[in-house]
Amino acid sequence: MTLDEQAQILWKDFQPQIAYLSPESQEIVELAFWQMVEAHGEQKRKSGEYYIIHPVAAAEELIKMQMGVDVIAAALLHDVPEDTEVGLDQIEKIFGPNIAFLVSGITKLSKIRYTGEELYVENLRKMFVAMSKDIRVIFVKLADRLHNLHTLNHVSPEKARRIALESLEIYAPIANRLGISYFKGEIEDAAFPYVYPEEYKELVAQSQDTVEERLKELEDVKTRVAAILKDENLQYIELVGRAKKYYSLFLKLREKKEIDNVFDLVALRIVVPTIADCYVALGIIHKHFTPLPNRVKDYIANPKPNGYQSIHTTVIDKSGIVFEVQIRTQEMHEFAEYGIAAHWAYSQGGKNSKQTAQEINTAFVPGEQLKWIKELVTLGSEEISQEEYLKTVKLDLFANRIFVLTPKGDVLDLPTGATPLDFAYKIHKDIGNITQMAKVNGAMVKLNHELKNGDLVEILTNKKQRPTRDWLDWVVTRSARKYISHMLKTG
Ligand code: MN
């Protein structure tokens, strides 16, 4: 196949997918497409395919989320400055500063003098800086990474493993923190076989039959639920059964769970028009099936820290089939799949791309969801070793965060394992330094008490109080430890 034939085939398939964009936006994307084809020209991927396949595949992932014109164009152009003769300045000239900025945020730093681990850390830092300026950079980066993972069978085993491991350690957690479970799940499942080949084979062999059997049962349940909802006059938008992703199943089983006790191995999802309908649907489900105790979770009233909303319940039918039901509105569903990206896509409808990460943060996201990105950026400007930076980044991404409340109702975001002392230092170092006692949900606790999600924490101070050596063992946050050591040294 010639390059031109390949490009024509790709375009024919690509064009209808961007019909949701305005005619002007479609023109910009079309221009980006053909500029990209011209720039990459005859270049080939390791697989022997034309290189142009890769940016198109990345852009298509973002089209699924109905991303705006800037993101789609940037995805098409993302490897142009790095791998071709066409520079960023030219992209800026043709497509303007917004698209050029997104492209520059994704471009690797290979031309700079760092090597090995240092280069890697520098790239990460640069990525967090770019993300903090415009969160859409990471959407393109995740799409790029996902396609690269899907084509790992064409690179050497060592390189494949390294890329896959990095994806599990850095990119999937970022997607998770942003609530983009679509990318999180896809990236994890694509990387899993390369990082844990033995475990993967074992898991597939072990679970395939169970999953298939459960899915078959669920099909049956689905038909019955559909009839019940019709009988009860509840309109629904979608009713689907789905199986759990392999990697998340792997993590669950690693917590020593038996596969037979994983109740959300398959789940039935009901998407309904309004929030009120969600509760009606829950009532109907509980009327016809018996709910298991302590398995009803109302994430609509109490969203997860990453903003996820849904009602979950696990029920059992007369024949003993246990299944999980997830009930949500269409908007919640899109947020569940695409997280912050879903909001972004919506907000792009009328506006253009001037919105910054900060604006999305305040406009849509509960709590201080994007603050951690900024913290990773500031951390990058501190005098710490590359090694320590990488460790902190991984810790911060991996750590499940808890959200606790101040007596005034402000929400603070802390890593799991955090104590009232971490909380006090998070408010201010001068509060931390004179912390004497703490109350959690109204009851006195020790200063090394482990806080839980949703705790209301009150700090009682005493001006005569000073940090003691023990305190170093009672905190998990880096900043608290830093302030305590400082006080211990200087008094
Ligand atoms: Mn790429």
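The model here is predicted, so local features need pLDDT of at least 70 and side-chain atom pairs count only at pLDDT 80 or more, while totals for chains, interfaces and linings use all residues. Residues are numbered from 1 along each chain as its sequence is written, and side-chain values use heavy atoms, with hydrogens and water left out.

**Around Tyr-182**
- Tyr-182 sits in helix α10 (helices are DSSP runs of H or I with at least four residues, strands are runs of E with at least two, and both are numbered from the N terminus).
- Leaving aside neighbours within four places in sequence, Tyr-182 is in contact with Glu-61, Lys-64, Met-65, Glu-337 and Tyr-338 (contact means heavy atoms within 4.5 Å).
- Tyr-182 and Tyr-338 are 156 residues apart along the chain, yet their C-alpha atoms are separated by 6.0 Å.

- Helix α10 (residues 181-195) packs with helix α12 (residues 246-254) at an angle of about 70 degrees, and their axes are 7 Å apart (axes are lines fitted to C-alpha atoms, for helices over the stretch in contact, and angles run from 0 to 180 degrees between N-to-C directions).
- The two helices α10 and α12 are therefore roughly perpendicular to each other, a label for angles of 65 to 115 degrees.
- Glu-188, Asp-189 and Phe-192 from α10 meet Tyr-246, Tyr-247 and Phe-250 from α12.

**The nonpolar cores**
- The largest nonpolar core has 84 residues, and Phe-14, Leu-62 and Phe-183 are among those with the most contacts inside it (a nonpolar core is a set of buried Ala, Val, Leu, Ile, Met, Phe, Trp, Tyr and Cys residues joined through side-chain atoms within 4.5 Å).
- Helix α9 (residues 157-177) gives this core its largest share, 9 residues.
- This core lies between domain 1 (3-190) and domain 2 (197-335), because both give residues to it; the domain bounds come from an automatic or database domain assignment.
- A second, separate core of 25 residues includes Leu-229, Cys-278, Phe-289 and Met-332.
- Not counting residues up to four places away in sequence, Ile-138 touches Met-127, Met-131, Ile-174 and Leu-178.

**The whole protein**
- The secondary structure comes to 20 helices and 11 strands.
- Of the 491 residues, 49% count as buried.

Note on methods: Buried means under 20% relative accessible area, exposed over 50%, partly exposed in between (1.4 Å probe, protein chains only). Angles under 35 degrees count as roughly parallel, over 145 as roughly antiparallel, 65 to 115 as roughly perpendicular and the rest as oblique.
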